[in-house]
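Dear colleague,

I am handing over the structure we spoke about, and I would be glad if you opened it before reading on. My notes on what was found follow below it.

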Amino acid sequence: MTGGPALGGPAVGGPAAGGEFRSGFAAIVGRPNVGKSTLLNRLVGRKLAIVSDKPQTTRTRILGVVNRPGAQIVLVDTPGVHRPRHRLGEQMVRTARNALSEVEAVLFVVDASAGPPGAGDRFVADLLAPLETPVVLVLNKVDAVPGDRVDELLEAYGALGRFHAALPVSALTGFNVERLVEVVVDLLPPGPRYFPEDMITDQPERQIIAEFVREQILHLTREEVPHSVAVVVEEVRDRGEDKPTYVRAVIYVERDSQKGILIGQGGRVLKEVGTRARRELEALLGMRLYLELWVKVKPDWRNRPGSLQEFGYVDT
Ligand SMILES: Nc1nc2c(ncn2[C@@H]2O[C@H](COP(=O)(O)OP(=O)(O)OP(=O)(O)O)[C@@H](O)[C@H]2O)c(=O)[nH]1
Ligand SMILES: [Mg+2]
């Protein structure tokens, strides 16, 4: 869990302090695993997007609202841009590309701990090159590299394109992220508060529940299993004050063998997934849950347009 009340504090001086209210959209893009979702969670101050050490964790666009004195940034976290190997991957990359239109700023996130730029970063940079929208280069994970390497990395990544600004940050520790907020706010036009202050995302509750279940599967399984999983919440039923809310979710996998792994001996793995997801969700949603998980096999769903539509992976 990232974030906490301390993060919500006002930026000193407030970039728009005393001036007009500023607002607008900013897309977070980059290759997989660079820390885009961790950054979204850090900036919003709440965990909205699931995070894992496995690439291609995020599959849909995830909106997170950042409120600061005099300004509101609507951030759009996106799936990592990669070379797709199935229709799901194609949809994910399309979602990321679609997010680039109609934003006032783009945050191009790269991973300092991975060393100098690689082909994946170059591919994203080329995607951004034709844009007129200002792009801020965000060198993330600087907590994981020796301080004397940061300048050299900034220069190497900076050579990938024309950037409005380049900032070293750590989404994990929060280092320099408020500076990043100031840079983005400076790029926003005067505008209204698009979302009320207590609304930090547009994700429906069912989607959040499904994602938190998937996150625990990402943590507890390996190799192809995490990538072969989709979660659909089929029922959320309030059963009155004294009883936890009943939730039924179906976990889809592609093969019988994966179903076996996911359930685990004596149901051990599935039980652990449910317990961990329930704990996090109860904290986030502020209510007690009874989470019932089912596992079903849907062969090759990642290549089936109907399944992608059904699971909410088609960006319109
Ligand atoms: N050391 C360090 N690790 C980080 C930082 N930010 C993210 N991570 C880790 O990097 C891994 C990937 O983080 P995510 O936020 O899921 O990355 P992402 O770019 O959203 O990945 P996709 O959704 O797959 O595109 C996780 O293990 C994070 O804990 C950081 O600032 N420092
Ligand atoms: Mg992500």
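**What was found**

The protein chain has ten helices and nine strands, and please keep in mind while reading that this is a predicted model.

As to the overall form, a compact globule with 316 residues would have a radius of gyration near 20 Å, and because the protein chain has 20 Å, the two agree. The C-alpha trace spans about 55 × 45 × 40 Å along its principal axes, and 42% of the 316 residues count as buried. If you take the contacts between residues at least 6 apart in sequence, 72% of them join residues at least 24 apart.

Two residues deserve a look for their backbone angles. Most residues other than glycine have a negative phi. Gln56, however, has a phi near 65 degrees, a positive value in a residue that is not glycine, and its place is in the loop between H1 and strand E2 (62–68). Glu223 is not a glycine either, yet its phi is positive, at about 55 degrees; Glu223 is found in the loop between H6 and helix H7 (224–227). Is Glu223 buried or exposed? With 10 C-beta neighbours inside 10 Å, Glu223 counts as exposed, since the limit for that class is 12 or fewer.

Finally, please find Pro189, which lies in the loop between helix H5 (177–187) and helix H6 (205–220). Pro189 has 9 C-beta neighbours inside 10 Å and therefore counts as exposed. Leaving aside its neighbours within four places in sequence, Pro189 is in contact with Arg22, Gly24 and Glu104. Pro189 and Gly24 are 165 residues apart along the chain, while their C-alpha atoms are separated by 7.0 Å.

With kind regards

Conventions. Residues numbered from 1 in each chain as written. Chains lettered and ligands numbered in written order. Predicted model: local features only at pLDDT ≥ 70, side-chain atom pairs only at ≥ 80, totals over all residues. Helix = DSSP H or I, 4+ residues; strand = E, 2+ residues; numbered from the N terminus. Rg over C-alpha atoms; globule rule 2.2 N^0.38 Å. Buried ≥ 20, exposed ≤ 12 C-beta atoms within 10 Å, placed from the backbone. Contact = placed C-beta atoms within 7 Å.
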